Each structure stands twice: as structure tokens, then as C-alpha cells.
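Subject: Structure handover

Hello,

Here is the structure I promised to pass on. Please open it first, then read the notes below.

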Amino acid sequence: MRVILLIACLAVASCHEFKTIHSWNYVEFNFPNATIQNTLTANGEYVPENNMPLGVQVWEDKIFITVPRWKNGVASNLNYIAKDDPSRTPKLNPYPNFDTNYINTPDGIVSIFRVRIDDACGRLWGVDTGVNDILGNSTIVRPVRIIVIDLKTDKIIRIYPLKSTDQTSNSFFAESVVDSEPDNCDNSHLYISDLGGYGMVVYSWAKNDSWRITHNFFYFDPLSGNYNVSGYNFQWTDGLFGLALSLPRDDGYKTLYFHPMSSVTEFSVSTEVLQDSTLTKSSNYYAFHVEGDKGPFTQGPTSVIDIMTGINYFAQVLRNGIACWDTNHELNPSTFVLVAEDNTTLVFPNDLSIDRSTNMLYVLSDNLPQFLFSQYDMKKRNFFLTATSLESLSKICKRRNMNMQRRLPHIL
């Protein structure tokens, strides 16, 4: 086993280790009381093996974890644990409370895949797909809605249903990124990837309005749709997925880096293009740019940029690892660096989060294919929350790029 691990380390730039913060055999919740837990269990509204954590976001003293309603029996969709929880396997606390997450609560939260936080404004954003038992009867409980929660008061401050023109019959919203200004929280936008409908929805907080953008770069690559993970072979046609924002540029706008799930190419576009509700700017094909090729087997869902360094971090589902690209350099397989891999704790890394207060990168891995195509062994550890120092990761990424050509900025 040591020989195998050594070979794996040599294949990676540094084989940097992520520390396991928490791990779970299965998900348990802190219910309001034992009576509610027993009733939900008896009614089939809480089925432990059907609860799989997927999204993670760290903010101040909380770590938010989503449990999408893939199957029946998910007790609570949006949850948190205390960042300083010392236990190995903490129970999840429904957020903002249990009633808001109960499937039968009128206007309650149904199924958010990932949440995003604008740190300076203290708001949590999520796109509620509104669908229960996705892999079973796929029941539409409520329309697709954007839900925004004030993290200081733990109150929902806005619910915005997406318009029919924002969606197609194949739309599915599992990822988003929030773009806000610290000194002007009203000037905020949420960019939402539509992996099934191959589009992007932009929502303006100030206008309380949304619009849909389409482009050829939002489609999947037919040569990158074959997956082999945890012994399961499957094919996915997921389009636009990962979204990551740069720091503001000289013109005040940011660069949005994006990629389809089933693709090994990274693209970019100025947020000036996306914020044009008339769609005039986004109708220009050349306003969107190809950043480069990441290399074979580099498909993955989410990515996040460390704005302190400009390094973009990527979940790597075919390599059970995390990769990075310094956006100050051109993107190619040589500058796309696999900085960590682990065939136990990083199996299907499904979400990433940067904790600004500690300068740590958090990863939630859940071995999703086993959940989709089989079932978990509830006697084993199935879900892992890991973390490591961004300072150590950035040294690896920048060391690999020292002699590489610096990229030139795109001109809109």
C-alpha cells in the first residue's frame, strides 16, 4: 500500500495532504425533539441512507452543508455545523430552522444543491430546484426560486421565482456564484449555470429581475462525457457548471471563468457582458473567450478562485483530487496542476469553499456515483469534509508556473 501511495504522490506535483475535519457513515440531524424524529422516521420522511451531503460553504463560525432531495426521506435540505465542533461526526442543524426545511411546510425550502455567500454583505444565496425525489418520482413541489437569507438575522429576506423565459424543459440548476460590491450591496448579481438547458441565468438584486443568456461554450463536449468513478462507468451530458469570479479589473467589472461539467476546456467572459439585461453584449459571440485546455480526465463540477492570489481551484471527479490553475498564466495541461488526490477522502469532490478568516480551502466529497447507481455501506465512512492551507497550495501552483508564459488580458 505504501508503494502505491508513493507512486501516486510522485505523479502529483506535491501530493499535498488535506486534513479530514469531519466524516460520516450517514447523515443525522439535530431535530427539534425526539418525537419529531421518531414520527419522520416512522413515516418514511427521514430515511438515513437517502441523505447525501453535497454542497459546502464556510462563513464565520458556521459550515453550511446542503443535502439535496435526490430521494425520498431527506429530513432537511439546508443545514450547518459549528466550525469549531470537536466531534468527528457532527449532526447537522437545519438552517435557519427545521420548519423552513420541512418538505410539507408551505413555501419552505425544497432542494438547494449549493449555496453561495457574499461575505461583505452577509447574505446566503441558493437556487431551490423545487423538486423532491429527483431519482424517483421527481415531484415538483414548488417552482424554481432564488432564496436569499440574511446571515446576521437568520431570516429569509427575498424569494424570487425564475421566469418561464429563464428556463427550458431540460433546465437544471445546481451551481451559482454571487457577484456583489462591499460598499454597495444593492448592486449584486447572481450568475446561475443551467447544466441541463445549456444556458446561464443572471439575476439582478437591484432590478429584482432575471434574464437568460445562451452561448455555444455552455454545451458539453461529446468527447468528455464518459466517466469512470469508484468502479462505475456512466455517461453524462451535463453542460455549463463551474463558475468562478476574479477580482474587479481596471474597468470595475470582473472576469467570470466557467466550464461545462463534461468538458476539459475553461472559458471566460466579462461580467459587463452578463449584466446587460438587453442581451446586446452577450449576443456577440466573441465576447466569450477560450482560456485553454486542462488536459485529459480533468472534468469536474465546481471551482473557486482565491482572490488573494488569482489561483483557481477545481474539483477533479475522475482523479479523486483537487487541481489548480494560476489565472495569471496561460492555461494548458502543464499549468493545470493536480495538487492533491486521495482515493478515500477525496472520492468525487463535489463542492469547494474558501474560508477567508483562516485562509483555508474546504472540500466536501461524497462518492456520488455510488449513491446514484447503488447504495452506501452505512458501516463505512462515506462522506468527508477536508481542508488545507491555501498558502501551501498556492506555493505549489506558483512554483509549477514560474517559467510559464503570462497570459494577456482579453479585450472586450
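Arg145 pairs with Asp107, and their closest N and O atoms are 2.9 Å apart. Arg145 sits in strand β10 (residues 145-150), while Asp107 sits in the loop between α3 (98-101) and β6 (112-118), so the bridge ties together parts that are 38 residues apart in sequence. Arg145 is buried, with a relative accessible area of 3%. Asp107 is partly exposed, at 47%. Please keep in mind that this is a predicted model.

Next, Asp351 and Arg116. They form a salt bridge too, with the closest N and O atoms 2.8 Å apart. This pair links distant parts of the chain: Asp351 lies in strand β26 (residues 349-355) and Arg116 in strand β6, 235 residues apart. Both Asp351 and Arg116 are buried. They also belong to a network of salt bridges that includes Arg114 and Glu175.

A further bridge joins Asp326 to Lys398, at 3.2 Å between the closest N and O atoms. Asp326 is in strand β24 (residues 321-326) and Lys398 is in helix α6 (residues 390-400), 72 residues apart. Asp326 is buried, with a relative accessible area of 2%. Lys398 is partly exposed, at 33%. The count of salt bridges comes to 18.

Now the nonpolar cores. In soluble globular proteins, nonpolar side chains tend to be buried together. The largest nonpolar core here has 41 residues. Met52, Ile63, Trp70, Leu92 and Leu385 have the most contacts inside it. Elements that each supply at least two residues of this core include β2 (55-59), β3 (62-66) and α5 (368-373). Strand β28 gives the most, with 3 residues.

What does Ile63 touch, leaving aside its neighbours within four places in sequence? Its contacts include Val56, Val58, Tyr80, Ile81, Tyr362 and Leu385. Another core lies apart from the largest one. This other core has 19 residues, among them Tyr191, Trp211, Phe267 and Phe288.

Last, a sheet. It is open, has 4 strands in the order β12-β13-β14-β15, and pairs antiparallel. The edge strands are β12 (173-181) and β15 (209-213), each pairing on one side only. From one strand to the next, the twist averages 20°. Inside the sheet, 6 bridges join β13 (residues 184-194) to β14 (residues 199-204). Ile192 stands opposite Val201 in β14.

Over to you.

Best wishes

Methods
Residues numbered from 1 in each chain as written. Predicted model: local features only at pLDDT ≥ 70, side-chain atom pairs only at ≥ 80, totals over all residues. Heavy atoms only, no water. Pairing = 2+ DSSP bridges. Axes fitted to C-alpha atoms, helices over the stretch in contact; angles between N-to-C directions. Core = buried A, V, L, I, M, F, W, Y, C linked by side-chain atoms within 4.5 Å. Buried < 20%, exposed > 50% of the residue type's maximum accessible area, 1.4 Å probe, protein only. Contact = heavy atoms within 4.5 Å. Salt bridge = Lys/Arg side-chain N within 4 Å of Asp/Glu carboxyl O.
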